[in-house]
Amino acid sequence: MALNMDRRSLLTSAVLGSATLVGATALGSLAPEAAFAKSDDVEPGAPDPNFAEGRVTGINEGMLLVAGSDGTLWRIRVTNASSIWKLHPTSLDKVAVGDGLYARGVRLGDGTLAADAIWVNIVNLQVHIAALAPKKIHFDHRGKRIIGHVVPGVTAASYNSTPAIADMTMVQVGRHAQVIGAWLPDTNEIEIATLYTSTIEHNH
Amino acid sequence: MAGIYGEVSWFCCGSSWGPCGSAGHGACGTCNSGSRQHAWPNTSDACHSITNPEACGESLSRRTCGFKHYTTNRCTGQKVGTTIADCGPQTDLFCGERTCCGSVCGSNRLIDLTPAAFSAISSLSYGLRPAYIDIV
Amino acid sequence: MLAWIGSVQPLLLGAVLLWSAQAKLFSRYAAAHARRTALAPLLGEDRAVLAYRTLAGVEAVLGAALVLPGLVRLEAVAATALSTGFLGYLAYAKIKDPKASCGCLSAQPIPINGRSFGRAGLMLAGSVLALVSGAAWPGAFAAHPVAGVALLLAEFAAIVVFSPEFDEHWLMPLRRLYARLSHPLASPGAFDVPLESTVDQLHKSSAWRDLARSVTSDVREHWDEADWRVLVYSARYAGATASAVFAVPRLRYDPQAVRAAIVDENGGTLAAVESHAQPEYAV
């Protein structure tokens, strides 16, 4: 823990200490003009070799064993440089057998995927807001009911394209919404990360 | 055609877990979350009558299964090439919605990428990005 | 008793069939919707549209005939046959394609569920009662004006409750009223700024856009430091693995104040970036 605090204070002083600041223009190769490079060389329409999808079947010393929904078996290497999202940024010890995931990284020679980013149980759903209940929003998703839990300190809402805020009281029954959330495995429930919705009626 | 500006999001399809499990392989029967593919609002008359992009003032060409589009995340300039595998998104539900980063904004949902494609140009934990869509 | 109850049923049946027919015939989404009903996998897409329109025509003719007095027995036989057929269709469709829409009372896609069966069952019961009675409705109303109106209202109410198509006219307002009175999502006490809004602000900064293409991960970790929230990402800088560290104002909105640093694995700062007013992208 002390080590963690030291590392955090080092990173904090690196970004907030004023002595080392240089102008952004010094980062020539990172300037916007250089940013419009060609896309990578994966053929459009083809399976992406650097992407994995499936459910966790085992976790072993920094390696996630994942059964792809199409039958592929994946070995995903998690390092200090890998980000793990499970409703919010978290660590490998919060990942459980049975979780679903998407992962992006670099495919190594032995078939292992060295993960850059892992999103655990993430869902992105287009829904109708069917009803509100204490700390819950009932969604209608393709005619099926999904229960969304509002998680204090995490759940945020973006209304009418404005920046996300924690206040959920403007959520309205009957409106369309898009919701990024974390599925609770083998249920019809999710925890809500971000809800994009509107307080204005659209005609359609 | 010149490219078009709009919003990009992601959706899942094919064999999958969770609420995605019932999604199926899309209107083209080929859609998979792990492939570089996308949904387009005008793949057929039936598709077009559901997504109804004209309601938002967007006129999109008819393009069918397998057609290639290139989508640029305007927040970063990262670009990904994908083929049409499904009908969507339902543009008319979100008319006028805007997504911005800095002074760059995109309005109206014109394209949905698979997780494999979206994660190549953005994090999946961001639901929406302003995008530029072209055929090259 | 059963006789007069049965004799007012043609009014209910007729009104429901007429409503159903007009929804199928006049919605601009009708053709597209027909392709998504359970008729499509049963008959094929093109024939589904034809069958959908034909069904609407049959409903319109029978509905009008039921509402007008005369030929009660014949109409009741036809209504019973239609209701039985529809119940059978629902059952078959539910088994064959459980996710399909029923294509019932409107052009909205609504999956087949218990409510669809409840409504079809009510229609069948009404048809059978009308068949058993065989009497025309004007006589029944003359004999039992109050009870007749009350019964019909109750039956229409039951049809509405069984019909998701009408939810937005009664169920949604009730739920909105509940939300307004009980504030189920109100959060008492202090509530921290959600990470999502910090990330949102970060994305509006030039520092993020200058570094975004070097960033390889999502947010790895974050913590608060006085007025700042610090976000750490993994990055690839000059061919090596590094951390991209961003400091974002925590309690105020000021994307131009966002700062960033690239820190290598040994803790050395490779680069630091301050945000600036930014030009438009070329794309």
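## Chain C: overall make-up

Chain C contains 11 helices and 5 strands, where helices (H or I, at least four residues) and strands (E, at least two) are DSSP runs numbered from the N terminus. The model is predicted, so local features need pLDDT of at least 70 and side-chain atom pairs count only at pLDDT 80 or more, while totals for chains, interfaces and linings use all residues. Residues are numbered from 1 along each chain as its sequence is written, chains are lettered from A and ligands numbered from 1 in the order in which they are written, and side-chain values use heavy atoms, with hydrogens and water left out.

Of the 283 residues in chain C, 47% are buried. Buried means under 20% relative accessible area, exposed means over 50%, and partly exposed lies in between (1.4 Å probe, protein chains only). Contact means heavy atoms within 4.5 Å. Among the contacts in chain C between residues at least 6 apart in sequence, 61% join residues at least 24 apart.

## Helices H1 and H6 of chain C

Two packed helices are described by the angle between their axes and the distance between the axes. Axes are lines fitted to C-alpha atoms, for helices over the stretch in contact, and angles run from 0 to 180 degrees between N-to-C directions. Helix H1 (residues 2–26) and helix H6 (residues 114–133) of chain C have axes that come within 7 Å and cross at roughly 130°. H1(C) and H6(C) are therefore oblique to each other; angles under 35 degrees count as roughly parallel, over 145 as roughly antiparallel, 65 to 115 as roughly perpendicular and the rest as oblique. The crossing of H1(C) and H6(C) is left-handed, a term used if the near helix is turned anticlockwise from the far one by less than a right angle, with right-handed used if clockwise.

On the H1(C) side, the residues that meet H6(C) include Leu2(C), Ile5(C), Pro10(C), Leu13(C) and Leu17(C). Their partners in H6(C) include Met123(C), Leu129(C) and Ala130(C). By class, the contact of H1(C) with H6(C) has 10 nonpolar, 6 polar and no charged residues. Ala, Val, Leu, Ile, Met, Phe, Trp, Tyr, Cys and Pro count as nonpolar, Asp, Glu, Lys and Arg as charged, and the others, Gly among them, as polar.

Helix H4 (residues 45–67) of chain C has 23 residues and reaches 33 Å from its first C-alpha to its last, close to the expected 33 Å. The expected span is 1.5 Å times one less than the number of residues. The buried residues of H4(C) include Tyr52(C), Glu59(C), Leu62(C) and Leu66(C). H4(C) packs with helix H5 (residues 72–96) of chain C at an angle of about 145°, with the axes 10 Å apart. Leu55(C), Val58(C), Glu59(C), Leu62(C), Ala65(C) and Leu66(C) of H4(C) make this contact with Glu75(C), Ala78(C), Ala79(C) and Leu82(C) of H5(C). It has 8 nonpolar, no polar and 2 charged residues.

Helix H9 (residues 167–182) of chain C has 16 residues that should span 22 Å, which agrees with end C-alpha atoms 21 Å apart. Asp167(C), Leu171(C), Met172(C) and Ala179(C) are buried in H9(C). The buried residues of H9(C) pack against strand S8 (122–133) of chain A together with H6 of chain C. Just after H9(C), His183(C) takes a positive phi of about 45°.

## Chain B

Chain B has 2 helices and 8 strands, in the order β-β-α-β-β-β-β-β-α-β from the N terminus. Of its 136 residues, 69% count as buried.

A cis peptide bond joins Gly88(B) and Pro89(B), with omega about -10°. Pro89(B) lies in the loop between strand S4 (79–87) and strand S5 (98–101) of chain B. Asn108(B), in the loop between strand S6 (104–107) and strand S7 (109–113) of chain B, has a positive phi near 75°. At 5% relative accessibility, Asn108(B) counts as buried.

## Selected residues of chain A

Lys86(A) is in strand S4 (residues 83–86) of chain A. Lys86(A) and Val120(A) are 34 residues apart in sequence and 4.9 Å apart in space, C-alpha to C-alpha.

Asp186(A) lies in the loop between strand S12 (176–183) and S13 of chain A. Its phi is near 65°, a positive value in a residue other than glycine, and at 61% relative accessibility Asp186(A) counts as exposed. Ser198(A), in the segment after strand S13 (189–197) of chain A, counts as buried at 11% relative accessibility. Leaving aside neighbours within four places in sequence, Ser198(A) is in contact with Asn160(A), Arg175(A) and His176(A).
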